[in-house]
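Have the structure open beside you as you read.

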Amino acid sequence: MSFDIEKIRSLFPVLHQEVHGKPLVYFDNAATTQKPQAVLDALTTYYNHDNSNIHRGAHALADRATRYFEETRETVKNFINAKEAAEIIFTKGTTESINLVAATFGRKFIGKGDEIIISTLEHHSNIVPWQMLCEEKEAVLRIIPITESGEIIYAEFEKLLSPKTKFVSIVHASNALGTINPVQKIINAAHAVGAKVLLDGAQSTSHLEVDVQKLDCDFLAFSAHKLYGPTGLGVLYGKREVLEAMPPFQGGGEMIKEVTFEKTTYNEIPFKFEAGTPNIADVIAFKSALDFINLLGKKDIKTHEDELLAYANERMSEIKGFIPVGTAAEKVSVLSFNINGMHPYDVGMMLDANGIAVRTGHHCTQPLMKRLGLEGTVRASFAVYNSKSEIDKLAEGISRIARIKNK
Amino acid sequence: MNSIAEIQDEIVSEFEILGDDKESTIYYIMELGSAMESFPEAARIEENIIKGCQSKVWLIAEEQDGKVHYMADSNTDITKGLISLLLRVLNDRTPEEILDAKLNFVDRIGMGSIIGSQRSNGFAAMIKQIKLFALAIQSNQNV
């Protein structure tokens, strides 16, 4: 099925504007996606009609807000096919979700000499929390190497696995290059040595079908704002038995069962991990974002984005001086590149002058850039509302820029 | 040599010719950078990098006949162009002139909207470093 792109675009008010006198082409979707009108409406409706604190109020508004809030949890559960809604914890974002696991599961179950495996492709938010934990616990961080094309070397991963391996935290799809990791194989192999696995789904959940029961991952972390939802909201999925074994993350309201000055007992999951008043409005509006994705269907979204990426690769291959970065066989819709003789910042700024929004720099993956011998890249990342004619504009912009140094 | 005020007026009128077209403005800035005095390889070291810039900017200064001579380089062409504008206004002047300089061309050409807020921070860091060098040379002169 091919989408009616104009109809989809009409749902996103922000796309209809000019930047530096040119129609906006928004290709920074891996950083954050734009929000459909339904999400914006859900936010204002909540504040106009339902604003109330949840789970405790003895009045109609609190009851409504609580119901809507828990409906989102149910929708997220279905979105990733979790067994039950209690396994869905709302956080500030992927970063907080990973930090939560490192600070609770990590602190309780990782000890001296234990090993944690990550890959060269990781975002800083899936590196630093584990480094901090390793430093505290005298544990060891092991890194899966990658090939020049930006794919992990699976055989090297197998060599790293041992009874010492307690945890594997791996990105599902790379934010900098788009590489899709063979996560099913990784999870199975990690489980075979008794290790738990966290998937960083920040870039995968918007493009790929992610079924946590089928994958059998122990944790999945992702952010609402990369899924056409509001900023400042993320999800941590965890298997019930793992979450129950973990100590709480933060102390405060909501997460307790009973507090006395002598001893506090903790609430059941998911509330044990949701101390304080949560981000109620954004959680409620997130449901509209997921409804939007479900309406279009992940399979068709993926087909559309794959077509865009294939078309972009084809157009860019004609450009002298265009250097693709990350050429894995399996990718989400990320086009990372450099222009021969030019700094990515300069390319990004010139594209911006053409109304084209891209990301430039190290994409919070400095170890990856170092491995590739690059200071950074220019990254164009496509979403469901992007079109081939926008890619034509990108190709025209890039060829004009590339000609400066590649005559 | 034209005064600091005169050179700034020159820059402003050049940018006025470019008008609102952001693309040609950027091309122009990049060309300015490519015309800059070549930077000594030996000085391309960590200690000479200006802190606070997103891209790498190397800046050195020395006293020549009571005036401050600067040399700069960057790994990005746009940044190199930006610093070349600053040096066009401030290079080879006395420390007093540099320290007293009112750099109004930056606002007059709408630099903030040309380069965006992140690069504007870097631009401010360049100006600060230029003035710090002038101050250091002035203190030496007064010893």
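1. Strands here are DSSP runs of at least two residues, helices (H or I) runs of at least four, numbered from the N terminus, and two strands pair if DSSP finds at least two bridges between them. Thr91(A) stands opposite Gly234(A) in E10(A).

2. A word on the model: it is predicted, so local features need pLDDT of at least 70 and side-chain atom pairs count only at pLDDT 80 or more, while totals for chains, interfaces and linings use all residues. Residues are numbered from 1 along each chain as its sequence is written, and chains are lettered from A and ligands numbered from 1 in the order in which they are written.

3. On its other pairing, E10(A) is joined by five bridges to strand E9 (residues 219-223) of chain A, and the two run antiparallel. Phe219(A) has Gly238(A) as its bridge partner there.

4. Is strand E10 (residues 234-238) of chain A mostly covered or mostly open? Five of its five residues are buried, meaning that 20 or more other C-beta atoms, placed from the backbone, lie within 10 Å of a residue's own. Gly234(A), Leu236(A) and Gly238(A) lie on one side, Val235(A) and Tyr237(A) on the other.

5. Stepping back, E4(A) and E10(A) belong to an open sheet of seven strands with mixed pairing, in the order E4-E10-E9-E8-E7-E5-E6. Strand E4 (88-91) and strand E6 (140-144) of chain A each have a single partner strand, so one side of each has no neighbour in the sheet.

6. Ser119(A) stands opposite Ile144(A) in E6(A).

7. The largest nonpolar core has 149 residues, and Val197(A), Phe219(A), Leu220(A), Tyr237(A) and Ile284(A) touch the most other members. Such a core is a set of buried Ala, Val, Leu, Ile, Met, Phe, Trp, Tyr and Cys residues joined through C-beta atoms within 7 Å. Helix H10 (residues 280-296) of chain A gives the most, with nine residues.

8. Finally, the two chains: ten residues of chain B are in contact with nine residues of chain A, where contact means C-beta atoms, placed from the backbone, within 7 Å. On the chain B side, H2(B) gives the most, with three residues.

Note on methods
Buried ≥ 20, exposed ≤ 12 C-beta atoms within 10 Å, placed from the backbone.
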